[in-house]
Amino acid sequence: MAVKAGKKRRRAVAARESHPGPVTLMGQILRGLALRQPEERERARRKMHEPGGSVDSMPVIDAAFELAVRRRFAPGTDLREIASFVADVRVGFGPTIDVLAMEALIRQALGEETHIDDLGAKMVIELKCATLVAVHDVLSWSDADIDQLLAEAEALVRAKGFSPAVG
């Protein structure tokens, strides 16, 4: 999927010299999605189905999504810019993308009050993952950039007291 960068391009995550990548199973799944490495994603997904493998995985998705959104959009971004981004995501991922729900999730990540309580968990996960992949594409992140973002997400989750399953 190729998503247009739009008028404003935010600076990508500052690359570190070398980063080992995400250590949690969910972080590895998200890395496999963003970098289009189905083998990595599938290996971590299989491990996740083992007992205890999915522990605290949703907070990793939430943190990675929020970090990615905040790297792509500044707080107070014009709604038309978000709508344009979401329309491009829909072109790349297909008509199953609920544009209004994705816009609401992005706006919530930017600190706006939005109504998302009626969204199902599966839809939220799919939209957050699609957004992460699209932001990766728009900002032309390197492997190191996505590794850094995911490591930051994992650290935020651990700082909040969660213990996501590691692989």
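What volume does the second largest pocket have? It comes to about 190 Å³. A pocket here is an open set of points on a 1 Å grid over the protein atoms alone, where a 1.4 Å probe fits, with protein on both sides within 12 Å along at least five of seven lines; lining residues have an atom within 4 Å of a point. The volume is the space filled by probe spheres set on the points, which are joined across faces, edges and corners.

Before going further, keep in mind that this is a predicted model: local features need pLDDT of at least 70, side-chain atom pairs count only at pLDDT 80 or more, and totals for chains, interfaces and linings use all residues. Residues are numbered from 1 along each chain as its sequence is written, and side-chain values use heavy atoms, with hydrogens and water left out.

Back to the pocket. Helix 3 (58–72) gives the largest share of its lining, six residues, and helix 7 (143–159) also supplies at least two. Helices are DSSP runs (H or I, at least four residues), numbered from the N terminus. The lining includes Pro59, Asp62, Leu156 and Phe162. By type, it splits into six nonpolar residues, four charged and no polar ones; Ala, Val, Leu, Ile, Met, Phe, Trp, Tyr, Cys and Pro count as nonpolar, Asp, Glu, Lys and Arg as charged, and the others, Gly among them, as polar.

Now look at helix 1 (residues 25–34), where you'll find Arg31. With a relative accessible area of 12%, Arg31 is buried (under 20%; exposed is over 50% and partly exposed in between, with a 1.4 Å probe and protein chains only). Its side chain makes a 3.0 Å polar contact with that of Gln37, meaning a pair of N or O atoms within 3.5 Å, one able to donate a hydrogen and the other to accept it. Leaving aside residues up to four places away in sequence, Arg31 also touches Asp143, Ile146 and Asp147, among others (heavy atoms within 4.5 Å).

Two loop residues have a positive phi without being glycine. Arg36, between helix 1 and helix 2 (38–48), has phi near 55 degrees and is partly exposed at 40%. Asp56, in the loop between helix 2 and helix 3, has phi of about 55 degrees and is partly exposed at 25%.

Finally, there is one aromatic pair. Phe73 and Phe85 sit edge-to-face, 5.2 Å centre to centre with 85 degrees between the planes; rings pair if their centres lie within 6.5 Å, and planes over 60 degrees apart count as edge-to-face, under 30 as stacked and the rest as tilted. Phe73 is in the loop between helix 3 and helix 4 (79–93) and Phe85 in helix 4, so the pair ties together parts twelve residues apart in sequence. Phe73 is buried at 1%, and Phe85 is buried at 2%.

Technical notes: Rings of Phe, Tyr and Trp (its six-membered ring) pair if their centres lie within 6.5 Å; planes under 30 degrees apart count as stacked, over 60 as edge-to-face and the rest as tilted.
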